[in-house]
Amino acid sequence: MTDGRITLHYAPQTRAFGTLVLLEELGVPYDLHVVNIRAGDNLSPAYVAVNPMGKVPAISHLGVVVTEQAAIALYLGDLFTKAGLAPGVDDPLRGDYLRWMVFYGSCFEPALVDHAMKRPPIPRKSSPYADYETVVSIVHEHVGRTSPFWLGDRFSAADALWGSALFWVTNFGIFEKTPEVAAYIERVTSRPAFRKAQTDEAALVAARDRAG
Ligand SMILES: N[C@@H](CCC(=O)N[C@@H](CS)C(=O)NCC(=O)O)C(=O)O
């Protein structure tokens, strides 16, 4: 990787899709390094050197590696500040922005996955997310008052993360697609960046399936 370009370590039909959407929204040049998870390439020594967990997404930028969807979105939003997708440190929306980005990875995903896998709930006082029902109701309540985007008037990196995630979890049937959730997803997925990411992803899926 040269010239400060971003390399996105990517696999189709994974959580890396939200990062692809964000890069398209930012309108910055990037290179894709496609990791073949089906072939186990994510656990190869070369990729484990990038992300010891063998997970996508990850990005490489100027010798720095960032992993975890939300951290990557925060990094990119701040790096490409001119795109206006990240409230700055002196913006009153900054606190809300940080809170929702971290809530995504530390509460929403674990709650949904634990519930979908039918894991027995752990005692509320030991749980990092209280309980599944609380997390779900917090997100539904928030979506009910998004107007039109996660932080209000302006599209932000939070929408690339939450919009893509809600698109997938409602398709998987593990998060209820209320009319408000459907309308929010439509506002994010109808944008040119999301459409472009979908087209690129479809080409990668076709190439992967051809390769067997
Ligand atoms: N905590 C990570 C989770 C990433 C993750 O689980 N990615 C999956 C794809 S959706 C993956 O890389 N799976 C490969 C494997 O673990 O074998 C994040 O938020 O970025």
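A pocket is an open set of grid points where a 1.4 Å probe fits, with protein on both sides within 12 Å along at least five of seven lines, and its lining residues have an atom within 4 Å of a point. The exercises below apply this to a predicted model.

**Exercise 1.** State the volume of the second largest pocket and describe its lining.

*Solution.* Step 1: the second largest pocket holds about 180 Å³ of space. Step 2: 13 residues line this pocket, and Arg-119, Pro-120, Pro-121, Tyr-129 and Tyr-132 are the closest to its centre. Step 3: by class, the lining of the second largest pocket has seven nonpolar, two polar and four charged residues. Step 4: α4 and α5 (132-144) each give at least two residues to this lining, with α4 supplying the largest share, three residues.

**Exercise 2.** Describe the largest pocket by volume, lining and contributing helices.

*Solution.* Step 1: the space in the largest pocket is about 940 Å³. Step 2: its lining comprises 38 residues, and those nearest the centre are Thr-14, Arg-15, Gln-69, Tyr-104 and Glu-109. Step 3: sorting the lining of the largest pocket gives 23 nonpolar, 11 polar and four charged residues. Step 4: at least two lining residues come from each of α1 (16-26), α3 (69-79), α4 (94-116) and α6 (157-171). The largest share belongs to α4, with eight residues.

**Exercise 3.** Where does the largest pocket lie relative to domain 1 and domain 2?

*Solution.* Step 1: take the bounds, 6-84 + 193-211 for domain 1 and 94-191 for domain 2. Step 2: the largest pocket lies between the two domains because both give residues to its lining.

Methods
Residues are numbered from 1 along each chain as its sequence is written. This is a predicted model: local features need pLDDT of at least 70, side-chain atom pairs count only at pLDDT 80 or more; totals for chains, interfaces and linings use all residues. Side-chain values use heavy atoms; hydrogens and water are left out. On a 1 Å grid over the protein atoms alone, a cavity is a set of points where a 1.4 Å probe fits but cannot get out, and a pocket is an open set with protein on both sides within 12 Å along at least five of seven lines; lining residues have an atom within 4 Å of a point. Grid points are joined across faces, edges and corners, and a volume is the space filled by probe spheres set on the points. Helices (H or I, at least four residues) and strands (E, at least two) are DSSP runs, numbered from the N terminus. Ala, Val, Leu, Ile, Met, Phe, Trp, Tyr, Cys and Pro count as nonpolar, Asp, Glu, Lys and Arg as charged, and the others, Gly among them, as polar. Domain bounds come from an automatic or database domain assignment.
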